[in-house]
Amino acid sequence: MKQVMNTKKAIVAGGAGFIGSHLCDRLIKEGYSVLCIDNLYTGYIGNIQHLLDNTNFSYVRHDVTDPMSYDNVSLIFNLACPASPVHYQKDAIYTTKTAVLGTLNLLELAKANHCPILQASTSEVYGDPFVHPQTENYYGNVNPIGIRSCYDEGKRCAESLCMDYHRQYGIPVKIVRIFNTYGPNMAEDDGRVVSNFITQALQGIPLTVYGDGMQTRSFQYIDDLIRGILLMAQTPDKFTGPVNLGNPEEYTLKELAEKILRLTNSPSTLEYHPFLQDDPCQRRPDISLAKKMLGWQPKILVEEGLQKTIIYFKNKISKV
Ligand SMILES: NC(=O)c1ccc[n+]([C@@H]2O[C@H](COP(=O)([O-])OP(=O)(O)OC[C@H]3O[C@@H](n4cnc5c(N)ncnc54)[C@H](O)[C@@H]3O)[C@@H](O)[C@H]2O)c1
């Protein structure tokens with residue numbers, strides 16, 4: 001039986017995933033006792049293996065679409081949702097259920113404990129944006145019936161639920177809209193552009209570029225995101241956001257591919273495939289609000305973050 005040494009209990013739903021596992025690490029360092037709730041739909045026990053013996057850490061395998069009941073919770077982070085198109089399109093109805101019912105169940109848990117809840121929303125709520133860079137007061141341009149809608153609309157509905165729990169029950173909710181994030185613990189098979197390019201470059205096989213590669217993205221390193229999430233969690237109860245968290249440096253996918261080829265010293269070439277349906281052409285956060293309210297901006301240069309991620313994937317591939 002584990003002895004919990006600390007009174008501040010944080011729940012991280014989706015804690016065995018890429019972002020969640022880094023958040024669990026950081027919360028433990030900050031002195032929280034952490035309960036990680038995850039059904040391993042896209043996460044890996046390997047991401048939290050090193051925490052399993054920690055007296056301040058517990059893990060429960062649970063699907064957030066089913067209700068939960070826990071006491072003495074100080075803070076909830078909702079990250080439970082498949083995040084990459086490959087994963088969220090595999091079972092689109094389940095993605096909507098997770099995004100909507102999962103958030104509803106976690107909001108009920110926040111209500112029962114009267115504690116703050118931070119919702120991991122996404123830049124996808126802006127869809128294929130007409131406003132560039134994206135500010136939080138832009139309502140977005142989302143296709144409600146496309147193959148990405150389960151995720152985009154699921155996350156939009158989740159934001160709306162958060163705000164209704166705030167208005168109806170006074171629950172302190174914190175919404176962060178996360179832009180493309182990369183780093184160690186990303187799954188190599190989930191089709192996200194950074195992990196795709198790095199693993200292809202390391203294996204010396206062609207890098208898959210959809211469309212002409214001129215579509216832009218901004219890439220933030222995981223440590224910057226986790227710092228932003230924790231700063232947001234510490235804001236006064238009345239501050240709900242949404243707040244954009246992302247790196248405003250914008251690159252075309254072709255530029256990113258070329259950077260990765262250089263950093264990995266890879267002989268790979270670029271292989272162009274047709275555009276993906278509803279894939280946004282441009283994506284860059286306006287982070288003025290995060291600067292003003294959280295005193296936050298990314299610190300890690302893309303080359304530095306990519307180097308760390310390349311080392312992670314090199315180790316992972318060499319163990320296979
Ligand atoms: N990584 C990014 O660039 C990014 C960008 C925008 C938003 N986000 C959001 O951040 C959160 C975490 O993303 P990630 O990149 O770490 O993805 P991930 O797939 O690595 O992590 C998601 C975690 O949630 C778990 N999960 C999924 N459905 C669940 C369910 N029904 N019940 C319990 N657990 C469930 C998965 O097993 C996984 O461990 C997601 O909500 C995602 O929408 C991520």
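I first looked up which element gives the most to the shell around the ligand, and β5 does, with three residues; helices (H or I, at least four residues) and strands (E, at least two) are DSSP runs, numbered from the N terminus. I note that this is a predicted model, in which local features need pLDDT of at least 70 and side-chain atom pairs count only at pLDDT 80 or more, while totals for chains, interfaces and linings use all residues. Residues are numbered from 1 along each chain as its sequence is written, and side-chain values use heavy atoms, with hydrogens and water left out.

I then took the whole shell: 30 residues surround the ligand, and the closest are D38, T42, Y151, K155 and R192, where a residue is near if one of its heavy atoms lies within 4 Å. At least two shell residues come from each of α1 (18–29), α3 (92–113), β5 (117–122) and α4 (149–169). I sorted the shell residues into 15 nonpolar, 11 polar and four charged, counting Ala, Val, Leu, Ile, Met, Phe, Trp, Tyr, Cys and Pro as nonpolar, Asp, Glu, Lys and Arg as charged, and the others, Gly among them, as polar.

Next I looked up polar contacts (pairs of N or O atoms within 3.5 Å). The side chain of Y94 has an N or O atom 2.8 Å from a nitrogen atom of the ligand, and a polar side-chain atom of T98 lies 3.2 Å from a ligand nitrogen. For C81, a backbone N or O atom is 3.4 Å from an oxygen atom of the ligand. On its own the ligand has 820 Å² of accessible area, and the protein covers 97% of this (Shrake-Rupley method, 1.4 Å probe).

Notes
Polar contact = N/O pair within 3.5 Å; in protein donor to acceptor, adjacent residues only side chain to side chain.
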